Every structure is written in structure tokens, then in C-alpha cells.
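Welcome, and thanks for taking a look at this one with us. Here is a short briefing to read alongside the model.

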Amino acid sequence: MLKNYIKIAWRSLVKHKVYSAIKVGGFAFSIAACVLISLYILHELSYDKTYPNADRIYRIVGEFNDQGKVMRGTAFQAPLSKAIAADFPEVEHIGRLLPNALFYGAGSNQITTEDNPESVYEQGFTYMDQELLDMLQLPMVYGERATALTDPNTLVLTKSKAKKYFGQGNPVGKTIYLNGDKTSPYTIKGVVDDLPSTSHLNAFQFFLTLKGVEFYPGEQENWGATNYPMYLKLKKGTSVEQFEKKLTKTAQDHYWVPNLKQTENKRAIEIWSAITLHLQPIRKIHLYSSDIEDYKQIQQGDIKLIWLFGGIAAFILLIACINFVNLSTAKSANRAKEIGLRKVVGSYRSSLIAQLLAESVLYSLLSFMVGLLFARLLLPLFNSLSGKALLFPWTDWLFFPIVLGAALIIGLIAGVYPSFYLSGFRPIAVLKGQMSEGSRAPILRNSLVVFQFVASILLIIGTLVINRQMNFILHKKVGFDKNHVMILQGTNTLGDQIKTLRTEIEKLPQVKAASVSDYLPIRMEGIKRNGNGFWKEGRTKEDPAVSTQFWEIDENYISTLGMKLVAGRNFSKDLATDSQAVIINQKLARELGLIDPVGARITNGMAFTVIGVVEDFNFESLKGDVEGVCMSLSNSPSMLSIKVNGQDMQAAVREISSLWKKFAPAQAIRYTFLDEGYAAMYADVQRTGYIFTGFAVLAIFIACLGLFGLAAFMTEQRTKEIGIRKVLGASVEGIIGLLSKDFIRLVFVAIVIASPLAWWAMNQWLSDFEYRVEVEWWVFVLAGALATTIALLTVSSQAIKAAVANPVKSLRNE
């Protein structure tokens with residue numbers, strides 16, 4: 001019987017080629033989209049699950065509620081880990097990480113080895129405790145894990161980096177030099193397997209020991225500086241909730257407050273007395289850290305995107321299923337006599353349902369086969385849009401059973417309504433020819449078409465708003481000139497020669513100005529940040545510290561980056577007193593309550609005189625407000641920013657490259673541009689926009705496939721009516737309008753439903769940005785016009801075909 005069902009289903013599929021192509025094509029495209037999104041979601045959900053006993057590994061997160069504004073962070077004082085290890089028997093391991101490029105060695109470095117004096121740039125350096133290496137149990141290729149980071153000036157590197165610098169042999173015991181510093185060599189004590197792409201620590205390739213490290217005198221015992229993220233592993237059976245409460249109370253009563261009392265700062269004591277500590281499971285770090293102030297090197301996802309993309313996949317699949325239902329029921333008149341005759345000759349309704357479900361499953365299986373092919377072909381494009389390196393899990397034994405099961409389930413779900421609907425025809429009515437009205441647009445079919453276009457219009461509006469926000473971000477005035485600024489990297493290896501290089505570059509006719517500083521108003525590898533607390537001088541015990549950035553710049557920095565001085569003056573290399581002077585931004589002046597800032601004295605433990613105020617500028621994502629900045633005249637030599645006139649950029653790059661070879665013949669030149677770095681800060685927003693655009697186009701395409709099929713069948717059912725109307729004098733335009741208006745009416749209903757939903761959803765998304773566009777009325781008008789135009793063009797092709805047909809052909813049998 002099953003063989004017979006399949007044979008009949010195949011004959012039906014081959015007989016109605018256009019109808020079958022629309023069904024299979026719509027299904028296949030939707031399945032391709034679902035497969036790609038599923039691969040993305042599975043990849044995101046698989047982060048940090050490879051560590052042994054990962055269910056007992058946590059990251060410590062601090063939380064502070066400042067009058068309703070909740071702030072979360074992962075940076076703590078250096079001695080906190082030692083104190084927790086001593087006071088909490090529940091803790092099996094606790095270890096620190098220090099990836100902050102503010103500290104020499106972390107972030108990026110120029111590498112040389114004993115065998116190769118050529119200086120090579122590498123990213124992915126972080127300091128790490130031996131205890132953290134023990135906790136994560138990273139697989140060792142060479143060396144002993146238990147002693148890999150126990151000695152000063154040792155490091156562990158990944159297998160790929162070991163192979164790059166030392167070939168296939170065992171590199172343990174060999175030496176690496178950082179930034180040409182031969183006085184402080186690092187000895188390799190271990191090699192670990194490359195961290196998987198699904199590790200939030202995947203960006204790190206070199207792990208430097210924290211043993212014997214002290215970045216300034218007393219740093220490892222300083223309870224006033226917060227720089228270290230910390231991980232811990234609890235012993236089996238420990239209650240996380242009870243441990244969090246105990247940890248918070250102990251930290252407040254025995255660590256923070258007693259040490260802060262020495263400063264006599266009441267406000268600081270109040271703040272640290274209100275901070276609570278929480279344990280974030282390591283498996284949740286990747287997707288649940290968007291509201292946590294984090295070290296920027298980790299790969300961070302967002303659970304909101306998982307839900308968003310999952311919803312898009314569900315919508316697209318629903319649209320395809322709706323096509324199947326609509327086309328099956330619309331074609332009911334064509335199959336009515338077949339169903340009627342089968343019932344007359346003794347077919348049971350159950351057997352008819354089984355036959356129709358078999359057809360549905362066959363369509364689903366074919367669609368899955370074509371959809372998997374489409375997904376495989378589109379995977380490279382999807383990877384480039386999403387920024388991932390996803391692979392098809394052909395070798396996973398679960399893959400094909402899951403695909404087969406999904407094809408059967410979707411085929412059965414999509415075929416349930418059509419099979420019950422078609423099998424319910426009364427044979428007497430059918431054989432009398434009374435089924436033609438049954439194929440007219442019923443309420444269910446209209447509702448399903450409306451749903452399709454609601455989903456499509458939501459995606460169109462989302463695409464328009466995301467692209468508007470991205471355009472706004474890239475072209476907003478941010479308080480500095482990001483155009484035509486070349487950033488020369490790795491200049492710290494030049495030592496004192498960097499100032500000479502800057503002078504030589506400034507002599508080039510293509511160059512307007514040049515500045516030496518690692519502190520730039522963008523986020524990229526090697527850029528430094530230094531959070532400090534500042535007070536008015538003499539108010540350190542009465543007032544809370546104002547959290548701000550403390551940057552080291554030179555006298556050319558403000559002119560090179562096109563910042564605007566609104567009060568006071570710039571630094572001067574000829575004034576010795578400027579070594580104790582600072583330039584601040586307007587935000588910091590307001591937060592410190594400086595009505596006339598120039599000449600005011602401020603302190604962060606060291607006292608400075610304010611000599612100038614610059615206009616506020618955005619140096620972090622536009623998702624947040626402008627922060628305070630205090631800039632001092634100092635030396636931060638890893639980057640050289642060069643303002644080029646822009647008329648002949650290629651010539652400028654050639655001249656600068658030629659100069660670089662004279663100063664650093666053994667080191668390849670590395671450079672980027674400030675505007676590229678700024679745009680890269682919003683790569684995630686751009687990717688979201690691209691993906692939204694792609695899926696919006698796909699949703700509209702699938703919906704229009706269904707609309708095309710419906711229009712074709714509705715036109716077919718009204719062929720005789722159209723012939724009569726033409727005989728009675730109806731115009732072509734009138735017939736086109738008659739056949740199109742019902743569909744266009746449904747699109748208008750969809751616009752009315754989708755618009756408020758899209759307005760709410762887009763305002764929710766935009767709420768993450770401090771600086772954002774408004775969701776204006778014309779966005780809804782444009783989205784509605786696009787949907788209406790596309791629907792009209794789809795339906796009109798069939799309407800015009802029917803309207804220009806010869807009425808004699810449609811009426812000759814009457």
C-alpha cells in the first residue's frame with residue numbers, strides 16, 4: 001500500500017510541474033535558511049563545553065547597583081585570588097587571567113627567537129596563573145602541565161604557534177624575546193593544543209606566567225587597583241547560591257572595607273560594601289556577557305541574537321509550510337473528482353488521508369535534498385556574513401537521522417490540514433461539479449497569506465532600520481577626524497628612535513601631522529585603556545572618585561586627530577611644567593563640577609593642573625554615552641598616528657614604508673587606518689544588517705512563490721468568468737484589477753498588523769544604543785510600498801495573462 005501511495009504521489013508531482021516546482025522550491029529555500037541558521041545556533045551554544053568538569057568552573061562577576069543603574073564587571077584586585085584560596089575550602093582551584101594590553105607583554109608583541117632575529121608581530125598574549133592552567137586542563141602536546149607556569153619568565157604557547165616558530169620538534173626549553181628585549185627572555189615550558197573555535201579564550205595563543213610578576217612596586221598586594229579577571233572551580237556538592245553569599249560577605253567584611261579604611265574615603269567604602277559577587281558558569285560566558293564590562297579580546301556572542309535568528313528561521317519555515325497548505329487547498333477543485341471517484345469505488349477516508357500525507361512527505365523529502373544542496377552552496381557566503389567558519393557535519397552520525405526525522409515531521413505537519421480538507425469532500429457534490437466555489441479564498445487561506453506578508457514586512461522594516469542605524473554610526477560626528485589617519489603599529493621596538501621617525505615622517509609633503517600614542521579613540525588590537533578615579537584636589541575623602549580614562553599622549557595628538565580645544569591650550573614640549581599638566585574633556589569637567597576648568601587642580605593620587613579642555617568625543621561604542629577622559633603628556637610608544645592630506649594616499653604609504661625600512665630593516669611594516677578601525681568596532685551590527693537583508697529577501701521570495709501559485713490557480717478557476725466578462729465588454733485593466741485586488745487587500749492587512757509589531761521590536765533593538773536613529777513613519781510606508789509592489793508584480797503576471805486570453809477558448813465547451 002505504501003508503495004502505491006508513493007507511486008501516486010510521484011505521478012501527481014510530475015504531472016503538475018509548475019505547482020510542484022513552487023512547492024519544492026519554496027520548501028527548499030526555507031530549509032536551506034533553517035539549516036544555515038541551525039548551524040550558527042548550534043555553534044554558538046557549543047561554547048566552552050570541552051573543559052573537564054566544566055559544570056563546576058565559574059568566572060567571578062561583581063555587581064553594583066548605583067541608584068537603579070546596574071553595573072557588572074570581571075576585574076578584581078590582584079590579592080583577591082590568594083585570599084579566596086586561603087579562606088574557602090569549597091574552592092578546588094582559583095586562577096587569574098590578565099589580557100589587558102595596558103600591562104607590558106599582554107595583548108600583542110613583536111617576537112624574535114634565538115634562531116631567527118627577524119621580528120614577527122603576534123597577537124593573543126595573556127598572563128595566566130598556573131592554577132588556571134590546572135583548572136582548564138588544556139591538553140598538553142609537550143611539557144608538564146603541573147609545572148608549565150610555576151617559574152618566573154616562562155610561557156606556554158599553542159601547537160600552531162610552536163610549529164610556526166620551531167617546526168615539528170619539541171620547543172620546550174627554547175627562548176622567545178618580546179619586542180627586542182634581550183634582558184628579559186621567556187622560556188617555553190609547555191605546548192598546548194590549539195583552543196577550539198568554541199572556546200571564549202580562543203583569541204589567546206601565548207600564556208605568560210604571573211609567577212614573580214609585579215608591574216609596579218606593591219602591585220600584587222594592592223587592594224586599590226582592579227585589573228584581574230578570575231576563574232574558580234568548586235568542589236563537588238558545593239551550593240553555588242550559598243557560596244556566593246558567603247563570598248560576598250567575606251570580601252566586604254574582611255578584604256575590601258578593612259583595606260579601604262586606610263584611605264579614609266567614605267564613598268569608596270560605601271561602594272565596595274554594596275558590591276555583590278556572583279559566579280558565572282564558564283559555559284554561559286560567551287552568550288550571557290553583553291551587559292558585563294569584560295576584557296575585549298574574548299569572542300563574545302549574544303543570546304538575543306540566538307533568539308532573533310531562531311525566530312527568523314521559524315518564520316521562513318512557516319512561510320514555506322503556508323505555501324504548501326495554500327497551494328494544496330487552492331488546487332482542491334482540480335483533485336475533487338479524483339477524490340470523489342475514489343470514495344465512490346470504496347476508498348476509506350483514512351486511506352485517502354494516508355495517500356495525501358505520503359504526497360506531503362515526498363515533497364518534504366525532495367525539498368530537504370534540494371535544500372541541503374542550496375545550504376552547502378551558500379555556506380561560504382553565510383560564513384562571510386556571520387564572521388564564522390561553520391562546517392557541514394557530514395561525518396556526525398546524528399546528522400542524517402535528524403535530517404530524515406525533520407523531513408518526515410515537517411512533511412506530516414504541512415500535510416495535515418490539506419489531507420483532512422481534501423479527504424472530507426462529499427462525493428455526490430463533487431461529481432455534480434459543485435466544488436468550484438470551494439476553491440475560492442476561504443478565511444484560513446487568507447489568514448495564512450496575511451501571516452506570510454506580516455513576517456516578510458517585519459524583516460523588511462528590520463532591515464531598513466538596522467541599515468539606517470549603521471549608516472548613522474559610520475557618518476556621525478564623533479568629536480575627532482577619523483579620515484586619512486594612518487596608524488603605524490609596532491613602533492615600540494624602535495626605542496628612542498621613534499621620535500626621530502616621527503620627525504622624518506612629518507617632513508614628507510603628503511603628511512600634515514604625526515603623533516605617538518597607544519591611546520586612540522577606537523577599539524582594536526594594541527589600543528590601550530586605563531581606567532582611573534579622579535577627584536578635585538583636596539576632596540578625596542569627601543567625594544566619590546569620578547571614573548575616567550587616563551591616557552598618555554604627546555603634544556601633536558590633538559591636532560593629528562582633529563580634536564577641538566574649547567578652552568585653554570595644548571601641550572607644549574618647551575614647557576617643563578606640562579609634565580604635571582593634563583587636558584580633559586567636557587564630560588570629565590562636568591562630572592568633577594569644574595565651572596572654570598582651566599587652572600583647576602585634580603588628582604588620582606598624583607596632582608595635576610588642567611591646562612585645556614577638548615570637546616567631547618566618542619572613543620567607545622555608540623551603544624554607550626561619552627565617558628570622561630584625562631590626557632597627560634607622556635610616552636606610550638607602540639603606535640604612530642599619521643594625518644595624511646588624502647590627495648595621494650598611495651604615495652604617502654610608499655614614502656612612509658621606505659622610511660620604516662631604514663629604521664627597522666628586520667621588522668615588516670604594519671599599518672591600518674583609523675576609519676577602518678572605527679568601522680570594525682561595529683562589525684557585529686553590520687553582520688546583523690547583512691543577515692537581516694538576506695533573510696528578508698528570501699522571505700519575500702518564498703512568499704511571492706506562494707502568491708504566484710495562488711494567483712495562477714485562482715485565475716484558472718475563474719477562466720470562464722473572465723471569458724464572460726470580456727464578451728460583455730470588460731476591459732483588460734478592469735479584469736487585472738478584479739484579479740489583483742483581493743491579494744493586494746491582504747497585503748494591506750499585513751502592513752497594518754506588521755507595522756506596530758515592527759515599531760516595538762526595532763525600538764527594543766535600538767534601546768541598546770545611546771546614540772540612535774528614530775523609527776520614522778516613512779520606514780513603514782516604504783516597507784509597505786515595497787511589499788505591495790512586489791505582490792502586485794507577482795499577481796499581475798497571471799492577471800495579465802488571463803485578461804488578454806481569447807474568451808472563445810475558455811467558453812467553447814459551454
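Let's start with a local pair: the side chains of K587 and E591 meet in a salt bridge, at 3.9 Å from N to O. Please keep in mind that this is a predicted model.

**Salt bridges**

- K587 and E591 are four residues apart in helix 16 (residues 586–591), so about one helical turn separates them.
- K587 is buried, with a relative accessible area of 16%, whereas E591 is partly exposed at 38%.
- Salt bridges that share partners also join R56, E92 and K233 into one network.
- In total, the structure holds 28 salt bridges.
- One of them links E221 with K82, where the closest N and O atoms are 3.2 Å apart. Because E221 lies in the loop between strand 11 (206–209) and strand 12 (226–228) and K82 in helix 3 (residues 80–87), this pair ties together parts that are 139 residues apart in sequence.
- E221 counts as partly exposed at 48% relative accessibility, and K82 counts as exposed at 55%.
- K164 forms a salt bridge with E122, with the closest N and O atoms 2.6 Å apart. K164 belongs to helix 5 (residues 159–166) and E122 to strand 6 (residues 120–128), so the pair ties together parts that are 42 residues apart in sequence.
- Here E122 is buried, with a relative accessible area of 5%, while K164 is partly exposed at 48%.

**Nonpolar cores**

- In soluble globular proteins, nonpolar side chains tend to be buried together.
- The largest nonpolar core in this model has 116 residues, and those with the most contacts inside it are F453, I457, I461, W551, Y557, Y678 and F695.
- Helix 19 (residues 683–717) supplies the largest share of this core, 14 residues.
- Leaving aside residues up to four places away in sequence, Y678 touches I473, L474, V478, F480, K482, I522 and L622.
- There is also a second, separate core of 48 residues, which includes V213, F243, L247 and L277.

- Four strands form an open sheet with antiparallel pairing, in the order 17-25-16-26.
- Strand 17 (511–516) and strand 26 (670–673) are the edge strands, each pairing on one side only.
- On average, neighbouring strands of this sheet are turned by 20° against each other, direction ignored.
- Strand 17 and strand 25 (residues 639–644) run antiparallel and are joined by five bridges; A513 stands opposite K643 in strand 25.
- Helix 14 (residues 497–506) packs on the sheet, touching strand 16 (485–489), strand 17 and strand 25, and its direction makes about 170° with that of strand 17.
- Helix 17 (residues 649–663) packs on the sheet as well, touching strand 16, strand 25 and strand 26, with its direction at about 20° to that of strand 16.

**Backbone details**

- Most residues other than glycine have a negative phi.
- N53 is not a glycine, yet has a positive phi of about 55°. N53 sits in the loop between helix 2 (17–45) and strand 1 (57–66) and is partly exposed, with a relative accessible area of 32%.
- Q137, also a residue other than glycine, has a positive phi near 50°. Q137 is found in the loop between helix 4 (130–136) and strand 7 (140–143) and is partly exposed, with a relative accessible area of 29%.

How values were computed: Residues are numbered from 1 along each chain as its sequence is written. This is a predicted model: local features need pLDDT of at least 70, side-chain atom pairs count only at pLDDT 80 or more; totals for chains, interfaces and linings use all residues. Side-chain values use heavy atoms; hydrogens and water are left out. Helices (H or I, at least four residues) and strands (E, at least two) are DSSP runs, numbered from the N terminus. Buried means under 20% relative accessible area, exposed over 50%, partly exposed in between (1.4 Å probe, protein chains only). A nonpolar core is a set of buried Ala, Val, Leu, Ile, Met, Phe, Trp, Tyr and Cys residues joined through side-chain atoms within 4.5 Å. Contact means heavy atoms within 4.5 Å. Two strands pair if DSSP finds at least two bridges between them. Axes are lines fitted to C-alpha atoms, for helices over the stretch in contact, and angles run from 0 to 180 degrees between N-to-C directions. A salt bridge is a side-chain nitrogen of Lys or Arg within 4 Å of a carboxyl oxygen of Asp or Glu.
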